[in-house]
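Hi,

Here is the model I said I would pass on. Have a look at it first, and my notes on what turned up follow below.

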Amino acid sequence: MVSLTHVSAYLLRHRHDVTYFPQMQTGLQARLQNTHLKYSAPAGTNVTVLSHSLRLRPLSALAQGDRRTKPNIDWDSLGFGLKDVAGSMYTATWTEEKGWDAGSLQPYGPIPMMPSAQVLNYGQAIFEGMKAQYTVDGRIVIFRPDKNAERFAAGAQRLSMPVVPEAQFVNAVKSVVASNADWVPPQGKGSMYLRPVLMGSGPILGLGPAPSYTFLIYAAAVGSYFKGGQLTPIDLIVEEHFHRAAPGGMGGTKAAGNYSPVLVTQLNAKKNGYSDVVYLDAKSDTYLEEVSSCNIFIVKGKTIKTPPLQGTILPGVTRRSIIELARLRGYTVEEVPVPVTEAMEADEVFTTGTAVVVSSVGSLTYQGNKKQYTQNGQPGNVSLEMYTALTDIQTGKAADPADWVVKVL
Ligand SMILES: *Cc1c(COP(=O)(O)O)cnc(C)c1O
């Protein structure tokens with residue numbers, strides 16, 4: 001039995017490239033014969049073989065300028081953007097009659113959609129953020145992909161979209177990583193950011209769910225947020241006018257629609273010298289919720305507090321991991337409502353998310369008062385401790401007792 005991941009990994013190991021991956025269905029078998037990959041379905045299975053044979057070319061034979069040749073990336077000046085977008089992307093389609101197809105890899109590029117696509121008119125879309133990186137012992141790994149699959153499924157249900165099965169989600173992520181391994185930065189230089197998207201791509205005029213859906217994953221090489229492992233503290237301001245989410249809304253999902261409304265506050269905060277804003281709860285304007293795309297924690301002595309998940313806060317994979325790691329390290333961690341006034345009295349504040357891992361908060365401004373937590377650009381002790389603890393697991397420097405790290409290659 002093979003999956004797209006296995007095929008990609010195989011081809012990569014043998015320095016082969018393919019211009020086209022066939023539609024692969026569960027139960028399909030593949031074997032390499034000279035320069036052809038042969039497919040067959042095991043006897044007695046109910047599988048349609050869509051492509052019987054696939055011609056392989058050695059990577060060295062590819063013409064100059066081919067998107068799938070080794071990219072020319074300056075690893076020391078990676079930012080967080082699409083400059084070094086990976087050569088191939090994954091797409092799969094869902095229809096009422098067939099459900100999800102197996103998906104395939106193809107060159108990164110435009111996807112066809114009608115002007116009447118549900119997502120363009122009514123916003124049926126969710127996304128994920130993940131990363132693949134090198135460990136110190138030369139493996140390429142991803143982090144707790146089952147958690148992203150779970151959140152993706154919950155988001156799909158909240159927006160009346162078909163769920164991508166966990167196995168298909170994780171295998172698709174692995175196939176994108178494996179086939180774009182040349183875009184994974186050397187250890188310590190950054191990571192390959194992965195962006196799964198699920199959207200109602202089919203056309204519809206009246207308000208309703210789309211007749212068909214697209215699940216895609218693209219990727220790009222991105223730099224470390226903090227060069228040299230130094231966490232530069234960020235200055236945040238508490239937002240006193242806008243809310244990010246309300247009880248009963250969709251704040252707890254990575255719905256595309258949650259992110260454009262925060263731009264007006266974020267851009268305004270940046271103009272005034274802050275990195276971002278902290279949102280308060282919509283009901284009482286009293287309790288911390290989170291930052292535009294990060295969860296928030298406060299520290300007082302050996303107690304760490306973070307707002308509980310009640311539908312308005314995004315259930316971050318980093319948030320969950322930091323809670324578990326902090327408990328193992330002897331901290332008392334409470335998921336309880338955190339009044340903003342308590343945060344203003346805390347020893348330390350930090351935020352968490354896949355891209356930054358842990359970000360130390362230098363200062364918090366609320367109603368014109370500024371609370372300074374850190375001095376001389378140095379990160380808070382607990383922020384640094386938690387950042388180091390988690391990145392050491394992710395990069396294979398420390399033991400991974402709960403199998404959070406998943407090897408791709
Ligand atoms: C993605 C995101 C986070 C962080 O989640 P991770 O799984 O840790 O990356 C936190 N808050 C919001 C609003 C987000 O979109």
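Ala398 sits in the loop that links helix 8 to strand 23. With 13 C-beta neighbours inside 10 Å, Ala398 falls in the partly exposed class, because that class lies between the 12 or fewer of an exposed residue and the 20 or more of a buried one. Once neighbours within four places in sequence are set aside, Ala398 touches Asp392 and Ile393. Its C-alpha atom is also 9.7 Å from that of Thr388, 10 residues away along the chain. Bear in mind throughout that this is a predicted model.

Asp403 belongs to that loop too, between helix 8 and strand 23 (405-407). Its phi is near 55°, a positive value in a residue other than glycine. Is Asp403 buried or exposed? Asp403 is exposed, with 8 other C-beta atoms within 10 Å.

Arg144 also has a positive phi without being a glycine, in this case near 40°. You will find Arg144 in the loop between strand 11 (140-143) and helix 3. Arg144 has 20 other C-beta atoms within 10 Å and is therefore buried; the cut-off for that class is 20 or more.

Now for the overall picture. The protein chain has eight helices and 23 strands. Of its 409 residues, 41% are buried. Among contacts with a separation of 6 or more, 67% are between residues 24 or more positions apart.

Next, two helix pairs. Two packed helices are described by the angle between their axes and the distance between the axes.

Helix 6 and helix 8 (residues 381-394) pack with their axes 10 Å apart, at an angle of about 105°. That angle falls in the range of 65 to 115 degrees, so helix 6 and helix 8 are roughly perpendicular to each other. Which residues meet in this pair? From helix 6 there are Ser321, Ile322, Leu325 and Ala326, and they face Met386, Ala389 and Leu390 in helix 8. Sorted by class, the contact of helix 6 with helix 8 has six nonpolar residues, one polar and no charged.

Ser321 deserves a look of its own. Ser321 is in helix 6 (residues 317-328) and is buried, with 22 other C-beta atoms within 10 Å. Apart from neighbours within four places in sequence, the contacts of Ser321 are Arg144, Leu390 and Trp404. Leu390 is 69 residues from Ser321 along the chain, with 7.8 Å between the two C-alpha atoms.

The other pair is helix 3 (residues 145-158) and helix 4 (residues 166-179), whose axes come within 9 Å and cross at roughly 125°. The crossing of helix 3 and helix 4 is right-handed. Helix 3 contributes Pro145, Asp146, Ala149 and Phe152 to the contact, while helix 4 contributes Glu166, Phe169, Val170 and Val173. By class, the contact of helix 3 with helix 4 has six nonpolar and two charged residues, and no polar ones.

Ser160 is in the loop between helix 3 and helix 4. Ser160 counts as exposed, having 11 other C-beta atoms within 10 Å. The C-alpha atoms of Ser160 and Ala210 are 9.1 Å apart, and the two residues are separated by 50 residues along the chain.

Last, Lys254. An unreviewed UniProt entry places the feature "modified residue: N6-(pyridoxal phosphate)lysine" at Lys254. Where does Lys254 lie? Lys254 is in the loop between strand 14 (234-238) and helix 5 (263-271). Lys254 is buried, with 24 other C-beta atoms within 10 Å. Leaving out neighbours within four places in sequence, Lys254 is in contact with Ile126, Phe127, Glu128, Arg151, Gly155 and Leu314.

That is what I have for now.

Cheers

Terms used:
Residues are numbered from 1 along each chain as its sequence is written. This is a predicted model: local features need pLDDT of at least 70, side-chain atom pairs count only at pLDDT 80 or more; totals for chains, interfaces and linings use all residues. Axes are lines fitted to C-alpha atoms, for helices over the stretch in contact, and angles run from 0 to 180 degrees between N-to-C directions. Helices (H or I, at least four residues) and strands (E, at least two) are DSSP runs, numbered from the N terminus. A crossing is left-handed if the near helix is turned anticlockwise from the far one by less than a right angle, and right-handed if clockwise. Two residues are in contact if their C-beta atoms, placed from the backbone, lie within 7 Å. Ala, Val, Leu, Ile, Met, Phe, Trp, Tyr, Cys and Pro count as nonpolar, Asp, Glu, Lys and Arg as charged, and the others, Gly among them, as polar. UniProt positions are given in the numbering used here, feature names are shortened, and annotations may be inferred rather than shown by experiment. Angles under 35 degrees count as roughly parallel, over 145 as roughly antiparallel, 65 to 115 as roughly perpendicular and the rest as oblique.
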